[in-house]
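Subject: Structure for your review

Hello,

Here is the structure, with the sequence alongside. My notes follow below it.

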Amino acid sequence: MSSHRLATTDWVEFEDELHQVAGLDGLTVRLRSETGRMQTIMLAVLLADDSFRAAVEPPPRTLEENGPALDPAAVLDGLDEDAKKAALELEGHLLEAVTGYRTGDPLTPEPGEPRPPYNPADPALTQRARIQAKAAELGVSDRWLWKLWARRTEQGLWGLVDKRKARIRNPLRNLDPRVLQAIRDQAAAERADSTATIGSRFMRRTQNRLDADHGAGTVPLPGRDTFRRAVAHLLDISPAAPAYRRASAANQPDRPFGNVLATRPGEVVMLDTTPLDVLAFDPGSGGTISVELTIALDVATRSILAWRLTPLGTKAIDIGLLLADTMTPELMRPGWDDALRYQMLRIPAERLISVDERLAEAAARPVIYPETLLYDHGKPYKSDVVERACARWKIDLQDARKLKPTDKPHVERLFLTIRQQYSEHVAGYKGFNVAHRGRTVEEQARWSIDELAEFFAEYVIAVYQRTHHRGLTLQGFPDLHVSPNEAYAMALGAAGFVDCPREANMYFELLPIAGRTIHPYGIELNHLTYNAEILYRYRKAKSPYPDGLWPIRFDPRNLLHAYFLDPTDGLWHVLRWTHALAEHQPFTDITLREAKRLIALRERAPEDQQEVARALTELQNRTDAPETWTRTDRKRHTRDQHRAAAQSRDIARGDAPVDDHPPLTAVPTPSEADAAPGGWGEIDLSRIEAAQVFDPDAS
């Protein structure tokens with residue numbers, strides 16, 4: 001059994017942490033950890049613990065105890081000119097006393113050197129005599145000069161500096177280390193809390209933390225002014241700073257998770273969604289609506305491969321179709337300059353057009369086959385639609401850490417560039433937080449979501465892709481910056497061109513799947529019944545799929561239709577909601593949930609198709625009259641309208657599905673009623689009697 005001798009100020013190791021013995025009292029010992037935490041423990045328990053180690057090396061000296069270990073050259077470089085001049089002047093005197101020359105080099109003498117009292121050629125003037133002469137000249141003792149010379153020999157010019165001028169002032173020297181640690185801990189705990197002042201709540205909570213850790217009244221806080229100065233020196237973000245700044249600082253890691261490197265186009269593509277700092281105008285209601293921007297960024301070339309502007313609430317189908325956009329050329333718009341064509345990327349475009357004929361009418365935006373997707377933890381990115389699309393095209397998935405935007409620094413920095421170059425210059429710019437928002441932002445909004453998308457497409461093609469990027473350099477020429485398009489052209493020369501898939505049915509393959517049984521009346525999906533002529537062929541046929549169900553595709557942005565793949569000829573067919581009427585506008589799954597909620601309030605079953613149709617009609621009627629629209633109704637109407645239009649554009653990219661349904665019976669418009677037989681158009685105006693005129697003088 002080994003024996004241990006403990007004394008006050010000794011350092012021991014206990015529970016994988018260094019502690020200093022602060023006091024001994026017979027059977028107990030008081031320990032103070034490196035962080036200043038105090039604890040009292042039974043001496044027998046301490047000695048019997050397996051983690052106890054005695055006679056360990058003390059931790060390095062801290063700033064609060066013995067001051068910092070300084071780099072002499074760095075401190076000397078930061079001194080003021082007077083202190084430097086005094087040290088150089090003293091060095092010149094010493095060199096003259098020892099060598100006879102103030103520069104210390106006889107080959108570079110100053111005028112009049114060497115002076116007679118310091119001439120090294122005079123055999124009567126020994127070094128000791130020259131030192132005594134210099135001491136008499138300066139009015140100091142020769143012993144002091146010998147000490148200065150020894151310090152100059154050992155430390156250089158730093159040994160001659162007046163340390164009072166080079167002293168590093170530490171305003172925290174006289175504060176208890178436990179107080180400093182409590183300030184840091186309390187600031188870390190309040191980073192996501194509401195804003196508070198330093199002198200009231202934060203100070204009170206810091207004192208409460210000290211009392212809980214070390215006992216009531218054991219560690220008092222300094223005065224209010226001293227406490228505020230300590231907080232200002234310790235914390236980079238004040239506890240009184242706005243909440244968004246403190247929350248952002250709390251999410252920032254102390255070191256990068258890893259450098260995301262990419263050497264060829266498509267090796268790493270980052271996806272992210274952020275609210276656009278522009279309000280969109282809703283032409284239907286005359287109000288405004290918030291917009292979200294989803295971006296796909298290629299890390300190797302910093303190219304914006306695809307983008308989607310949607311109302312708030314990005315869907316998984318939007319992310320899946322965004323992947324399709326990265327592999328689909330961006331078409332030229334009417335009125336765009338020919339300099340924005342794909343042929344202007346300075347690559348052998350004719351050879352590529354022979355591979356992909358779609359590039360003939362494409363704009364100057366890279367078309368890249370992604371290899372790895374780096375995305376956020378948002379719900380749309382974790383959906384089956386995205387995973388199925390990536391599995392279909394053999395794309396690897398890599399998610400960033402939760403609440404760590406620094407794992408995707410390239411795309412996060414891109415959002416700032418978009419704000420500065422695009423959003424700030426668009427009517428309806430609302431700022432990135434409420435503190436920067438004007439009072440008449442909603443009155444200034446004048447562009448719809450589709451118009452904003454067209455403007456953004458022109459910004460990407462005409463501005464961003466052609467602007468030199470500080471993060472892009474030509475290999476071997478670090479001072480030569482290039483644009484994303486130029487980086488793409490150079491990368492193609494090194495890595496080659498990868499042909500992207502050109503499937504006409506890409507849109508349908510990205511839609512969610514629901515396995516259903518084909519009943520005599522059709523199929524049921526989301527408590528809605530869908531039917532089409534093609535289903536009559538398979539009502540009694542056994543499903544060839546392993547689960548025995550027929551896969552039905554549907555688009556959450558428009559539930560008026562579903563889609564069925566005919567296994568015989570491989571054609572897609574449209575399944576229409578059986579109770580869809582002419583007055584039913586396209587509606588999303590969110591609108592359907594609202595209609596079901598109304599049905600539940602009436603204590604009806606959601607499977608009742610007539611009730612669903614009636615609830616949906618009432619809901620759309622309420623949103624059809626602008627004077628009765630609430631804010632929620634306006635958003636729902638605009639969202640449904642925009643997503644239905646986006647769905648129509650996505651379908652138009654490929655082959656149109658087969659629609660066996662007869663056209664819906666529409667309510668005749670007044671103009672049609674006028675021309676119809678027996679309508680207003682056949683009224684003989686000559687037979688209409690004139691209305692009587694009221695005469696006040698008549699009896």
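The accessible areas here come from the Shrake-Rupley method with a 1.4 Å probe. On that basis, the protein chain has an accessible surface of about 38900 Å², and carbon and sulfur atoms account for 52% of that surface. Please keep in mind that this is a predicted model.

Overall, the protein chain has 699 residues, of which 42% count as buried. Its secondary structure consists of 22 helices and 19 strands. Among contacts in the chain with a separation of 6 or more, 62% are between residues 24 or more positions apart.

I looked at two helix pairs. Two packed helices are described by the angle between their axes and the distance between the axes.

The crossing of α4 and α5 is right-handed. On the α4 side the contact is made by H93, E96, A97 and V98, and on the α5 side by Q127, R130, I131, K134, E137 and L138. By class, that contact has 4 nonpolar, 2 polar and 4 charged residues.

In the other pair, helix α7 (residues 177–189) and helix α9 (residues 224–234) pack at about 65°, with axes 10 Å apart. α7 and α9 also cross in a right-handed sense. Here L180, I183 and R184 of α7 meet F227, A230, V231 and L234 of α9. This contact has 6 nonpolar residues, no polar ones and 1 charged.

Regards

Key:
Residues are numbered from 1 along each chain as its sequence is written. This is a predicted model: local features need pLDDT of at least 70, side-chain atom pairs count only at pLDDT 80 or more; totals for chains, interfaces and linings use all residues. Side-chain values use heavy atoms; hydrogens and water are left out. Helices (H or I, at least four residues) and strands (E, at least two) are DSSP runs, numbered from the N terminus. Buried means under 20% relative accessible area, exposed over 50%, partly exposed in between (1.4 Å probe, protein chains only). Contact means heavy atoms within 4.5 Å. A crossing is left-handed if the near helix is turned anticlockwise from the far one by less than a right angle, and right-handed if clockwise. Ala, Val, Leu, Ile, Met, Phe, Trp, Tyr, Cys and Pro count as nonpolar, Asp, Glu, Lys and Arg as charged, and the others, Gly among them, as polar. Axes are lines fitted to C-alpha atoms, for helices over the stretch in contact, and angles run from 0 to 180 degrees between N-to-C directions.
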